[in-house]
Amino acid sequence: MLTFLHAADIHLDSPLRGLQRYEGAPADEIRQATRRALENLVQLAIDQSVAFVLIAGDLYDGDWKDHCTGLFFVSQMVRLREANIPVIVIAGNHDAMNKMTRTLPLPENVHMLDHKRPETIHLEALGVAIHGQSFATQAVLEDLSATYPSAVGGQLNIGLLHTCATGREGHAAYAPCTIPGLVAKQYDYWALGHVHGFEVLHRIVISGNHDNWDIGLAEPDHLRDEK
Ligand SMILES: [Mn+2]
């Protein structure tokens, strides 16, 4: 059985500015929470020997204050490299390509997908094709999934997309898409991000970013039972 980990909206090092309103709140501890979440995610991937990790956008909350945020991400990705686990990442509205002014070289197991056009990563040994596109700018208003390629025959196909889906209250209407549009690609699994709550739409999964890290069992027959 092939197992992978689908995450999104980690918002690493989010300053959580609203915290100052709450007197006595353990602000420093809470501000470390996104780093602990990423460490826990990496540990879970290693413990479960997952085949790969997907991050469906908003890995970062915004441009890094300094390089410490990027260095922390790289340190966690090195742990996955040592466990031979590839990581496929797209940028969302918070970490859109034109918002990030600092960069660091990423370990070779990490693939940040293109922001100009959809890109496909082929994990040949696993028979898996992962399709996705990063946000170029914050306010992407078109349906990015429209130009994603059709499923590759004989492979397990996964779409990685940062999107408000069909529109979700409280979430900016970025990269809207339609369920029939996603289904028409004939992928085995859609790994979405942006909406901070876990949901299964048809065979399309929004990761959420709370305590519900989803380990998808990527067996098409199993998933086809979903309505
Ligand atoms: Mn977002």
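The buried residues of helix α2 pack against strand β1 (3-7), strand β2 (52-56) and helix α3 (68-82). Here a residue is buried if 20 or more other C-beta atoms lie within 10 Å of its own, exposed if 12 or fewer, and partly exposed in between, with C-beta atoms placed from the backbone. The model is predicted: local features need pLDDT of at least 70, side-chain atom pairs count only at pLDDT 80 or more, and totals for chains, interfaces and linings use all residues. Residues are numbered from 1 along each chain as its sequence is written.

Helix α2 covers residues 33-47; at 1.5 Å a residue its 15 residues should span 21 Å, which agrees with the 21 Å between its end C-alpha atoms. The expected span is 1.5 Å times one less than the number of residues. T34, L38, V42 and A45 are buried in α2. Seen down the helix axis, the buried residues fall within an arc of 80°, so they line one face of α2; the arc is that of the directions from the axis to the C-beta atoms. An α-helix has 3.6 residues a turn, so residues three or four places apart point the same way. The face turned away from the buried side of α2 carries the exposed residues R36, N40, Q43 and D47. Just after α2, S49 takes a positive phi of about 50°.

The protein as a whole has 5 helices and 11 strands, which are DSSP runs (helices H or I, at least four residues; strands E, at least two) numbered from the N terminus. Of its 227 residues, 39% count as buried. The C-alpha atoms fill a box of roughly 55 × 40 × 30 Å, taken along the principal axes.

Conventions:
Contact = placed C-beta atoms within 7 Å.
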